[in-house]
Amino acid sequence: MNEFISKRNETVAKNMIPFLEKRGFEGYFAKDKEEAKKIALDLIKEGSSVTWGGTVSAEEIGLKSALKEGNYVVYDRAEAKNEDEVQEIYRKAYFCDYFLASANAITEKGEIVNIDGNANRVSAIAFGPKNVLFIVGVNKIVKDVEDGLTRARNYSAPINGMRLGLSTPCAKTGVCMDCMAPDCMCCQFMITRKSKVPGRIKVILVNENLGF
Ligand code: SF4
């Protein structure tokens, strides 16, 4: 990343930390992927049970593999042998010590925007796991909730649709067509505005482009 773009993004991300704290979240800044992984592994104590929703960011910083290789109880739906096992892992998430997620967008004031088709991800973010750890690249920072929803539906969703081979209009056109397709990823829109349980939601803002 260009030096001045990086400096600008670092300033914006660091200025967001007080807003995150005000919302009952814990906020962290990481200068790169390696530091983000270190912060995450310092937070997640050995022996913890951990799972995740569809998060490319946690994979890109090497966190998923570090947890699998370490002393943790990991439930990875990618390793499920069939749909029943996937559903079982979705339900186990509610009792885990940590749920890892990224965000479709995060506003400069710290509101976290997510859309979901199955709703396993947004439901676990809202309630269940003792801790929710967001790994969020600076590319996900937007001005406000409206911009966040626009980003989620016109950027994240089409790419996810293409990646997962879904039969949605956005996977063909690259933009949201406000569909009601069976594969629709936009069944639930969630804005995480505040954490009722102080510190349950932790956000690591990473000064790199992560996920989409
Ligand atoms: S509503 Fe449909 S077309 Fe629009 S982003 Fe969601 S899945 Fe894609």
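I began with the shell around the ligand: α7 and α8 each supply at least two of its residues. The model is a predicted one.

I listed the residues around the ligand and found 14. Those that come nearest are A157, C170, C176, C179 and C186. Sorted by class, the shell holds 10 nonpolar, 2 polar and 2 charged residues.

Next I followed α7 itself. The helix covers residues 145–164, and I noted a bend of about 35° at A152. A152 is also among the buried residues of α7. I checked the others: G148, L149, R151, R153, S156, A157, P158, N160 and G161 are buried as well.

What do the buried residues of α7 pack against? I found β5 (105–107), β6 (112–116), β8 (141–142), α8 (169–173) and β9 (188–192). After the end of α7 I came to G165, which has a positive phi, near 65°.

I turned to the strands on that list. An open sheet is formed by 4 strands in the order β8-β5-β6-β9, and its pairing is mixed. Why does one side of β8 and of β9 lack a neighbour in the sheet? Both strands stand at the edges and each has a single partner strand, so one side of each is left without a neighbour. In general, strands of a sheet pair through backbone hydrogen bonds, either parallel or antiparallel.

I looked at one pairing in detail. β5 and β8 run parallel and are joined by 2 bridges. In this pair I106 stands opposite I141 of β8. α7 packs on the sheet and touches β5, β6, β8 and β9. I noted the angle between the direction of α7 and that of β6 as about 40°.

Last, I went to the loop between β9 and β10 (201–206), where G199 lies. Is G199 buried or exposed? G199 is exposed, because 11 other C-beta atoms lie within 10 Å and the cut-off for exposed is 12 or fewer. I also checked G199 against E21, which is 178 residues away along the chain. The C-alpha atoms of G199 and E21 are separated by 8.4 Å.

Note on methods:
Residues are numbered from 1 along each chain as its sequence is written. This is a predicted model: local features need pLDDT of at least 70, side-chain atom pairs count only at pLDDT 80 or more; totals for chains, interfaces and linings use all residues. The bend at a residue is the angle between axes fitted to the seven residues ending there and the seven starting there. A residue is buried if 20 or more other C-beta atoms lie within 10 Å of its own, exposed if 12 or fewer, and partly exposed in between; C-beta atoms are placed from the backbone. Two residues are in contact if their C-beta atoms, placed from the backbone, lie within 7 Å. Two strands pair if DSSP finds at least two bridges between them. Axes are lines fitted to C-alpha atoms, for helices over the stretch in contact, and angles run from 0 to 180 degrees between N-to-C directions. A residue is near a molecule or strand if its C-beta atom, placed from the backbone, lies within 6 Å of it. Ala, Val, Leu, Ile, Met, Phe, Trp, Tyr, Cys and Pro count as nonpolar, Asp, Glu, Lys and Arg as charged, and the others, Gly among them, as polar.
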